[in-house]
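Please keep the sequence and the 3D view at hand while reading.

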Amino acid sequence: MTSNSPAGSQFLSLHLLETLVAVLPVRDENGSPKSIVYGGAERHMITSQARRRAERVHARDRANAGVGSLAGRSTGTRTREWALLTGRELEETHGWDREEAIRTARAVIEATGLKFGELSKKTVANLTKVLLFAPSDAGKRIAAHIQEEAEELRSWTEEYLAAQAAAAKKSKKGGRKPADTGTGEGDEPVEDAAADSKLPPLPPLPSGTRAAVLTALAPRDAIDIALYGRFLAEIADSPNVDGAVQSSHAFTVHEAEQVDDFYAAADDAKLDRKKNALDFLDAADDAGAGMTGYQSLITGTFYRHAVLDRVRLRNNLRAAGMSIEEAEEASVAAEEEFVNAFVDAFPEAKRNSTASTGSLPALVLAFEGERPYNYAAAFQTPIDERPPTKDENGGDGPAGPAAVRRLLEHHAFVSARRPDIVSGRVLTYDPQIAKLLTTLGDLGATPVTTAKELTA
């Protein structure tokens with residue numbers, strides 16, 4: 001497709017510094033904070049996956065609530081529960097029996113090419129094996145088509161399930177797996193193909209129904225799919241989207257600072273007995289706390305970066321069927337909301353016990369360019385938070401202000417050598433940083449007071 005270039009530069013680069021205290025936004029498989037080694041020092045890390053989900057959900061919730069520049073526009077849902085969502089729509093809107101609705105929805109979606117969990121395992125039987133990012137109304141659209149073709153699809157479903165059961169029975173008896181019922185690109189070894197071909201074939205899904213399901217699951221005009229992309233390998237003829245947003249992992253600009261916090265949870269009933277002198281009641285244990293344990297918490301100033309490819313965003317929306325004018329209007333709205341989410345959204349892990357989602361960035365730097373620019377190199381040498389002194393033995397001082405100075409010095413140095421970098425803007429929510437900005441030399445950016453002004 002020919003690039004539909006926006007006015008101005010192709011890439012919007014965003015750089016952010018934020019100071020977090022006693023939080024745990026992401027954890028590894030052992031419940032410990034994630035970390036990387038950079039510049040010879042261990043740093044705490046908040047993964048881009050956690051940030052991207054927080055941003056995507058933030059923008060989607062605002063759009064669904066009628067707030068922000070994407071109010072009323074279509075967004076996506078990433079889930080394994082499309083059969084359940086479709087079945088619920090058949091039941092609640094079209095009056096189907098719940099069991100029949102889910103059974104039919106699962107069969108239709110499975111025959112389209114998506115693999116499901118084993119029928120014998122109730123917890124996963126109606127869940128796809130992979131998460132599928134599709135427009136939020138996909139279940140409603142699939143249900144509407146099933147309702148329109150109810151007579152044909154009810155008959156087909158019974159035939160499909162009977163053939164599937166027969167294939168499973170014969171496969172179990174012969175020690176073979178049933179043939180792939182999806183796109184024909186299964187993962188069975190080549191030498192097993194002859195054996196599998198002897199299993200009874202499953203009746204194909206009516207072509208009109210398969211087309212309707214693929215249309216419902218296609219990215220269409222879901223803005224967040226155009227922004228963040230999606231990949232679906234199971235259905236070869238379902239379009240994938242190369243997202244317009246690139247995101248880096250956030251990392252601390254100084255060495256990792258972690259504390260293993262011991263906690264004790266009180267048992268209300270036990271304390272009530274003691275308070276009311278009822279210790280004589282038969283109780284298993286009146287001594288000590290109700291529960292104790294440890295949790296790891298991290299503190300630090302983090303650098304994170306993202307870039308928006310404006311041309312890719314417009315091309316994604318054009319590929320979804322929008323006209324040039326519609327894609328331009330939607331892209332401008334999407335850029336504004338993306339920047340807002342980049343500034344405001346935060347992963348919600350431990351939010352109630354750490355109030356982490358209330359954090360505001362110390363500094364946001366935005367600028368345009370003809371290529372992406374990542375300034376992680378500014379922090380390859382970890383910031384030394386010891387107080388500065390007149391000799392060389394002193395440190396950089398507090399990490400927040402030191403990181404701001406280092407980032408803006410790095411930006412001014414680079415932008416003087418890269419003529420494509422234009423329209424730099426800088427935003428702070430910290431009054432101390434605002435004072436610091438007035439003392440620095442060339443910022444390579446213009447101070448602004450709202451996130452909306454970060455977009456050109």
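## Two loop residues

Arg 220 lies in the loop that links α7 (207-217) and α8, where helices are DSSP runs of H or I with at least four residues, strands are runs of E with at least two, and both are numbered from the N terminus. This is a predicted model, in which local features need pLDDT of at least 70 and side-chain atom pairs count only at pLDDT 80 or more, while totals for chains, interfaces and linings use all residues. Residues are numbered from 1 along each chain as its sequence is written, and side-chain values use heavy atoms, with hydrogens and water left out.

Most residues other than glycine have a negative phi. Arg 220, however, has a positive phi near 50°, and this residue is buried, with a relative accessible area of 15% (buried means under 20%, exposed over 50%, partly exposed in between, with a 1.4 Å probe and protein chains only). Lys 350, in the loop between α11 and α12 (351-354), also has a positive phi, near 60°, but is partly exposed at 26%.

## Packing of α1 and α11

Helix α1 (residues 48-64) packs with α11 at an angle of about 125°, their axes being 9 Å apart; axes are lines fitted to C-alpha atoms, for helices over the stretch in contact, and angles run from 0 to 180 degrees between N-to-C directions. Residues in this contact (heavy atoms within 4.5 Å) include Arg 51 and Glu 55 of α1 and Glu 337 and Phe 338 of α11.
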